[in-house]
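Me: Please take a close look at one part of this model. Then place it in the rest of the fold. Keep it brisk and give the cut-offs.

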Amino acid sequence: MVSNVETLEFQAETRQLLRLVIHSIYSNKDIFLRELISNASDALDKLRLESLTDSSLAEVDTGDLHIWLEADEEARTLTVRDNGVGMTRDDLVELIGKIAKSGTAGLLEKIQDAKEAAGIESLIGQFGVGFYSAFMVADKVTLRTRRVGTDSGTQWESDGEGTYDLQTVDDLPVGTTVTLHLKPADSEDGLADYLSESKIRQIVKKYSDFIRWPIRMATERTDGEGETTREVDTLNSMKALWARSRSEVTEDEYHEFYQQISHDWLPPAETVHMRAEGTFEYEALLFVPSQAPFDLYSREAKPGVQLYVKRVFIMDDCEALMPSYLRFVKGVVDAHDLSLNVSREILQHDRQIQGVRRRLVKKVLGALKDMQSKDAERYANVWAQFGRALKEGLVEDTDNTEALLPLVSAASTHDPEKTTTLREYVERMKDGQDTIYYLTGETRAMVENSPHMEAFAAKGYEVLILTDPIDEVWVDRVEDFDGHRLQSIAKGQVDLDESADADQEADADKAQREQDFAALLPWLTTTLSEHVKQVRLSSRLTTSAACIVGDAHDVTPTLEKMYRAMGQQIPPVKRILELNPAHPLITALRTAHGAGTEDPAAAEIAELIYGSALLAEGGDLPDPARFTRLLTDRLTHTL
């Protein structure tokens, strides 16, 4: 039985807002079904809670709470029905009619200021009008509902234009039924065929697969004999593993879920399952893969964490939840207190989301640290796959430097096969050594054969071998590890003398060498002034004639190339040429220069020494043709 219809008129501002909702705001019209299913899920949650807390509802049957979808092709209607808590007439006016009571003028002003669709969507979400997204796909929407514990129900109906109708309806079941009178499918306008079973399944799978209540739909199946039967299918899996405690989930279930969200058929190397309660509640289920994706280091690489709100899918690749250096982490974060229409821009500046991000990062880094200490072999594989990305964090995320540094694993002169951590390096340091030595380069072979290594190898000092491009950057940002300074053996002065007696002998030898080479060094500095800022004697060479070093804070040549490749023009950095005073070539040059003859060959030999040192460290000659000609001439004279 239906009572008289009461027709109410929308305010002018509300009509304008409705037109925006219908025609302008949502770029993806599929989300109307997400919104309606989410509302239905909330109604089921409320009924379950009220039946436990309200003694007058103790007899209410909550044994089969569900959401029902029904597509009627003849009538062109799509119905979303739940047997949840339902609404009274006043609820309808307050909740469904909230669009007319929520500061519409202010909302419209903000919408007009919003430049992008994403920003507009987030505003709509804040004002709780997701229900009205139904008008994107429907010419008319009919809602029938009855509140649990009441005798009569209410029908609300509108075409989304100027008015809506309210009427009392008897004999309605408890719950809410929303019927959409669908517009014709129009691919140009983004209107799909929302009566298609495959389309409905696709939308439910994408947005509502993990809703805790079953989403059911009757489907027709034809067997091999042409017999048609009608079956009831549950469209969603309801397997929101993150909502269960870790003790209730098996490893097989974790692996199956990981494969579902990552499309990676190898089991994950690590699983992080966490729950946070308090002012901002959320659950997270994160995975560290066993193998790096092919596009990990491409510009198009995106973070792998999905955002859900109360089990409803919101977005893939949520940058706000995970920093770029952890982009390889896959998983799900389910927040309880966000709008379904929250935008990426809002997330980037939301304090609560920033807090979630900080906790997720610490949890992932903590899991990696535990793996490193408990399963070194598994961690070695993870580092081999993702170490380069993790080292980006030493540049980008200074707040977590202390958590990242112990994770660093590097090749070293200590072992030709195995990598070492900074902690292990410190434990092996020689007595009296307080510095962690390293050398960067393109390959291990190039670093090991560098002239800079000679004195360190001769005296048994371990040197870290850093060959990733990012190594050039992070070692300049990190001053020390556990109180031990990091120093490039290709920069600054090196003092490897190990005792006080050795220091005294070294000082005496150094003074004598400086006196012996007092005339040669200034002459070489002037002769090579186009290429170097100083020529000095070296304490790091044992077999090579010369090497090139930088001052302690100079930009390395490799870093110079990287900056220029990125379009950043920096002034060329002149470096220092160091000579081995014991090498026959250097002593012969000193003797020739000391003879006082103005032999032009001496300047050419100086150029050859500089060029050879440049080549030895893998550098580029400023004039390869001239170097080749000078070398050929010298060889010819020798023969």
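Reply: Start with strand β23, residues 575-579, which is mostly covered. Five of its five residues are buried (under 20% relative accessible area; exposed is over 50%, partly exposed in between; 1.4 Å probe, protein chains only). This is a predicted model, where local features need pLDDT of at least 70 and side-chain atom pairs pLDDT 80 or more, while totals for chains, interfaces and linings use all residues. Numbering starts from 1 along each chain as its sequence is written, and side-chain values use heavy atoms, without hydrogens or water.

β23 pairs with strand β21 (residues 532-537) in the parallel sense, over five bridges. Here V532 stands opposite R575. Strand β22 (residues 546-549) pairs with β23 too, but antiparallel and over four bridges. In that pairing A546 faces L579 of β23. Two strands count as paired if DSSP finds at least two bridges between them. Strands are DSSP runs of E with at least two residues; helices are runs of H or I with at least four; both are numbered from the N terminus.

Now the wider setting. The protein has 21 helices and 23 strands. It holds 639 residues, and 48% of them count as buried.

Next, an open sheet of nine strands. Its order is β1-β6-β5-β4-β7-β3-β2-β8-β9, and the pairing is mixed. β1 (6-9) and β9 (228-234) stand at the edges with a single partner strand each, so one side of each has no neighbour in the sheet. Neighbouring strands are turned by 20 degrees against each other on average, direction ignored. Inside this sheet, β2 (residues 67-72) and β3 (residues 77-82) run antiparallel and share six bridges.

Helix α2 (residues 31-53) touches β2, β3, β7 (175-182) and β8 (215-222), and its direction makes about 20 degrees with that of β3. Helix α6 (residues 197-207) lies across β2, β3, β8 and β9, at about 145 degrees to β8. Axes are lines fitted to C-alpha atoms, for helices over the stretch in contact; angles run from 0 to 180 degrees between N-to-C directions.

Now a hairpin. Strands β12 (residues 304-309) and β13 (residues 312-315) run antiparallel, joined by three bridges. Y308 has F313 in β13 as its bridge partner. Two residues lie between the strands, and K310 takes a positive phi near 50 degrees. Y308 and F313 also belong to an aromatic cluster with Y207, F210, W242, F257, Y258 and F287.

The whole structure has 18 aromatic pairs. Rings of Phe, Tyr and Trp (its six-membered ring) pair with centres within 6.5 Å; planes under 30 degrees apart are stacked, over 60 edge-to-face, the rest tilted. W156 and Y164 are stacked, at 6.0 Å centre to centre and 25 degrees between the planes. Both W156 and Y164 are buried.

Finally, charges over rings (NZ of Lys or CZ of Arg within 6 Å of the ring centre and within 35 degrees of the ring normal). R388 lies over the face of Y297, 4.2 Å from the ring centre. K430 lies over the face of Y461, at 5.3 Å.

Key. Contact = heavy atoms within 4.5 Å.
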